[in-house]
Amino acid sequence: MRIVSVMNMKGGVGKSTSVCMLAEALASQASMRVLVVDLDPQSNASMILCGLDKWSELRESERTLDAYFAQFVHGTEPRRFHEFIAPRISDLQGEPVVDLVVATPEFRYVERDALDKFIRQGFTITAVQERLTRLMASAVESVASNYDVVLFDCPPGISLFAEAAITMSEYVVIPTIPDYVSRLGIFAFRRRAVRSMEKRRFTEDNILTLITKYDPNIVLHESEVLSLRSDFKTFDIVVPQNENIARAGEWSETPRSFDQKYGDAAGIVRDLAAEFQEKVGLL
Ligand SMILES: Nc1ncnc2c1ncn2[C@@H]1O[C@H](COP(=O)(O)OP(=O)(O)O)[C@@H](O)[C@H]1O
Ligand SMILES: [Mg+2]
């Protein structure tokens, strides 16, 4: 089993989209068992993968990541992590194993309340961080045997839970748009990520940059791809700006095939998943 965080300080660079594409391609094209854990209160990956109705239903029945952590922070009734996993939620035909723990906007309050409570109990921020990391790690461990890969969709910036996710991860994927400002942001972020991963002796080699939203009509994109390749360890696959990738984010009531869902981008998404398998040692 591999744990991989998809992360970038910047928003809008394709983190959630990459998580969803990877999850669906790995599950439906390579028969992997995938668990997606949404750590972003914006809940984009959750809504993309399970649709708005199912997401609302999970939120109402309190099968969400914030409800899971509420037991440790607010002292709600103890429940096990597997109860919070929504199984096989994708709209792809054949019910591939894309399981999901959804985020909701309330997730940000759990993090704030955890800080508030534990600091008041005399913990330092570092100790709170370690505690949340341990809670998250034991949650994932409790279901690890059911999955080949766990993907964390992280919020932009660095939250306590995102930090926990990096600490637990064997690999971090950084989606980025090939432009100058985005590239600068990666330098600082990568240093930070390495620091968290070093505890488990992972190095820069475990941080993979994924170029997304590439537009061949933008001249700058071409030179920035070259710069990204020389500065960072990157995927060979470049994900283009593609309408079908954006459209695939809309949940369909009628199950569809992978090729129907991703249209002319299906081949790229498949290739991305294959390269991911190879790069993170899942072959
Ligand atoms: N390769 C792509 N082609 C076209 N649109 C994309 C692509 N990747 C992402 N998008 C769109 O860009 C927006 C931001 O993507 P998202 O994955 O939510 O970014 P992040 O999670 O980094 O904030 C979304 O509207 C998404 O549909
Ligand atoms: Mg996102």
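## Close-up views of a predicted model

**Figure 1. Overall fold of the protein chain.** Residues 24 or more positions apart make up 77% of the contacts in the protein chain with a separation of 6 or more. The model is predicted. The protein chain contains 11 helices and six strands. Its radius of gyration is 18 Å, close to the 19 Å that the globule rule gives for 283 residues, so the chain is as compact as a globular protein of that length. Along the principal axes, the C-alpha atoms fill a box of roughly 55 × 45 × 30 Å. Of the 283 residues, 45% count as buried.

**Figure 2. Residues 1-190, the annotated region.** An unreviewed UniProt entry annotates residues 1-190 as "domain: AAA". Over this range the chain is 50% helix and 13% strand. The end C-alpha atoms of the range are 24 Å apart.

**Figure 3. The shell around ligand 1.** There are 16 residues around ligand 1. Those that come nearest are Gly14, Lys15, Ser16, Thr17 and Ala246. Two helices, α1 (15-30) and α9 (243-247), each supply at least two residues of the shell. The largest share comes from α1, with three residues. By type, the shell divides into four nonpolar, 10 polar and two charged residues.

**Figure 4. The largest nonpolar core.** This core has 84 residues. Leu22, Ala23, Val34, Val36, Leu49 and Leu151 have the most contacts inside it. Helix α1 gives the largest share of this core, eight residues. In soluble globular proteins, nonpolar side chains tend to be buried together.

**Figure 5. Contacts of Leu151.** Which residues does Leu151 touch, not counting residues up to four places away in sequence? They are Val4, Val6, Val19, Leu22, Ala23, Val34 and Val36. Among them, Leu22, Ala23, Val34 and Val36 also belong to the residues with the most contacts inside the core.

**Figure 6. Ser31, a loop residue with positive phi.** Ser31 sits in the loop between α1 and β2 (34-38). Its phi is near 50 degrees, a positive value in a residue other than glycine. Most residues other than glycine have a negative phi. Ser31 counts as exposed because it has 11 C-beta neighbours inside 10 Å, and the cut-off for exposed is 12 or fewer.

**Figure 7. Arg201, a loop residue with positive phi.** The loop between α7 (180-198) and β6 (207-211) holds Arg201. Phi of Arg201 is near 65 degrees, again positive in a residue other than glycine. Is Arg201 buried or exposed? Arg201 counts as exposed, because 7 C-beta neighbours lie inside 10 Å.

Technical notes
Residues numbered from 1 in each chain as written. Chains lettered and ligands numbered in written order. Predicted model: local features only at pLDDT ≥ 70, side-chain atom pairs only at ≥ 80, totals over all residues. Near = placed C-beta within 6 Å. Helix = DSSP H or I, 4+ residues; strand = E, 2+ residues; numbered from the N terminus. Nonpolar A, V, L, I, M, F, W, Y, C, P; charged D, E, K, R; others polar. Core = buried A, V, L, I, M, F, W, Y, C linked by C-beta atoms within 7 Å. Buried ≥ 20, exposed ≤ 12 C-beta atoms within 10 Å, placed from the backbone. Contact = placed C-beta atoms within 7 Å. UniProt positions renumbered as here; feature names shortened; annotations may be inferred. Rg over C-alpha atoms; globule rule 2.2 N^0.38 Å.
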